[in-house]
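Biologist: I am new to reading protein models. Could you walk me through one, feature by feature?

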Amino acid sequence: QVQLAESGGGLVQAGGSLRLSCVASGRTFTRYAMGWFRQAPGKEREFVAGINWSSGSTDYADSVKGRFTISRDNAKNTVYLQMNSLKPEDTAIYYCNVASSVNVARPIGSWGQGTQVTVSS
């Protein structure tokens, strides 16, 4: 079982930036793909970005392409989400999760507490 802890959320003005972190502990997850997901009030949880741990290949939702960047630090068991040019519609609780290696948009692990991101207009 992999335990995940998200951090880095906060309140930011539109156009600003935040960097989210997700630290994994427990089982070694160097072979897992990882993804970031978000859930806005009244909406279903959706895929944001994913990274294949072994190849480093990435995938993004169309709504964040060109603004968000997912990366990882294997030595620190940490995956990051750099969010630039934030928009009010990016407001949500952001979660990381273990993802399918063949489809990083599909979460396969347990959800953590998430981290709140609020973008003011």
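**Burial and a side-chain contact**

Modeller: Start with Thr78, which is buried, at a relative accessible area of 5%. Keep in mind that this is a predicted model.

Biologist: Why is Thr78 called buried?

Modeller: Buried means under 20% relative accessible area. Thr78 has 5%, so it counts as buried.

Biologist: In which strand is Thr78 placed?

Modeller: Thr78 belongs to strand β8. Its side chain reaches the backbone oxygen of Lys76, at 2.7 Å.

Biologist: How do I read a residue with a higher value? Take Val23: what is its relative accessible area?

Modeller: Val23 has 40%, so it is partly exposed. It lies in strand β3. Set aside its neighbours within four places in sequence, and Val23 is in contact with Gln3, Leu4, Ala5, Lys76, Asn77 and Thr78. So Thr78 comes back here, as a contact of Val23.

Biologist: How far is Val23 from Gly50 in space?

Modeller: The distance is 15 Å, C-alpha to C-alpha. In sequence, Val23 and Gly50 are 27 residues apart.

**Sheets**

Biologist: Now the strands. What holds a sheet together?

Modeller: Strands of a sheet pair through backbone hydrogen bonds, and the pairing is either parallel or antiparallel. Here, 4 strands make an open sheet in the order β1-β3-β8-β7. Their pairing is antiparallel.

Biologist: Which are the edge strands?

Modeller: They are β1 (2-7) and β7 (68-73). Each of these pairs on one side only. From one strand to the next, the twist averages 20°.

Biologist: How many bridges join β1 to β3?

Modeller: There are 6, and the two strands run antiparallel. For one place to look, find Gln3: it stands opposite Ser25 in β3.

Biologist: And which strands does β9 pair with?

Modeller: β4 is joined to β9 by 7 bridges, and these two run antiparallel. Met34 has Val98 in β9 as its bridge partner. β9 also pairs with β10, again in the antiparallel sense, over 3 bridges. There, Ala92 has Val117 in β10 as its bridge partner.

**A disulfide**

Biologist: What is a disulfide?

Modeller: A disulfide is a covalent bond between the sulfur atoms of two cysteines. A search of the whole structure finds 1. Cys22 and Cys96 form it, with their sulfur atoms 1.9 Å apart.

Biologist: Where do Cys22 and Cys96 sit?

Modeller: Cys22 is in strand β3 and Cys96 is in strand β9. They are 74 residues apart, and the pair links distant parts of the chain. Both Cys22 and Cys96 are buried. The link is right-handed, with 60° about the S-S bond.

**The core**

Biologist: What tends to happen to nonpolar side chains?

Modeller: In soluble globular proteins, they tend to be buried together. In this model, the largest nonpolar core has 34 residues. Trp36, Leu81, Met83 and Tyr94 touch the most other members.

Biologist: Which element gives the largest share of this core?

Modeller: That is β9, with 5 residues. Other elements give two or more residues, including β4 (33-39), β5 (46-51) and β10 (115-120). β9 is also mostly covered: 7 of its 8 residues are buried.

Biologist: What about loops? Is Asp90 buried or exposed?

Modeller: Asp90 is buried, with a relative accessible area of 1%. It lies in the loop between β8 (78-83) and β9 (92-99). Its side chain makes a polar contact of 2.9 Å with the side chain of Arg38. Not counting residues up to four places away in sequence, Asp90 touches Arg38, Arg67, Phe68, Ser85, Val117 and Val119.

Biologist: For comparison, where does Gly56 lie?

Modeller: Gly56 is in the loop between β5 and β6 (58-60). Its relative accessible area is 22%, so Gly56 is partly exposed. Leaving aside neighbours within four places in sequence, Gly56 is in contact with Ile51 and Arg72.

Biologist: How far is Gly56 from Leu11?

Modeller: Gly56 and Leu11 are 30 Å apart in space, C-alpha to C-alpha. In sequence, 45 residues separate them.

How values were computed
Residues are numbered from 1 along each chain as its sequence is written. This is a predicted model: local features need pLDDT of at least 70, side-chain atom pairs count only at pLDDT 80 or more; totals for chains, interfaces and linings use all residues. Side-chain values use heavy atoms; hydrogens and water are left out. Buried means under 20% relative accessible area, exposed over 50%, partly exposed in between (1.4 Å probe, protein chains only). A polar contact is a pair of N or O atoms within 3.5 Å; within protein, one must be able to donate a hydrogen and the other to accept it, and residues adjacent in sequence count only if both atoms are side-chain atoms. Contact means heavy atoms within 4.5 Å. Two strands pair if DSSP finds at least two bridges between them. Axes are lines fitted to C-alpha atoms, for helices over the stretch in contact, and angles run from 0 to 180 degrees between N-to-C directions. A disulfide is a pair of cysteine sulfur atoms within 2.5 Å. A nonpolar core is a set of buried Ala, Val, Leu, Ile, Met, Phe, Trp, Tyr and Cys residues joined through side-chain atoms within 4.5 Å.
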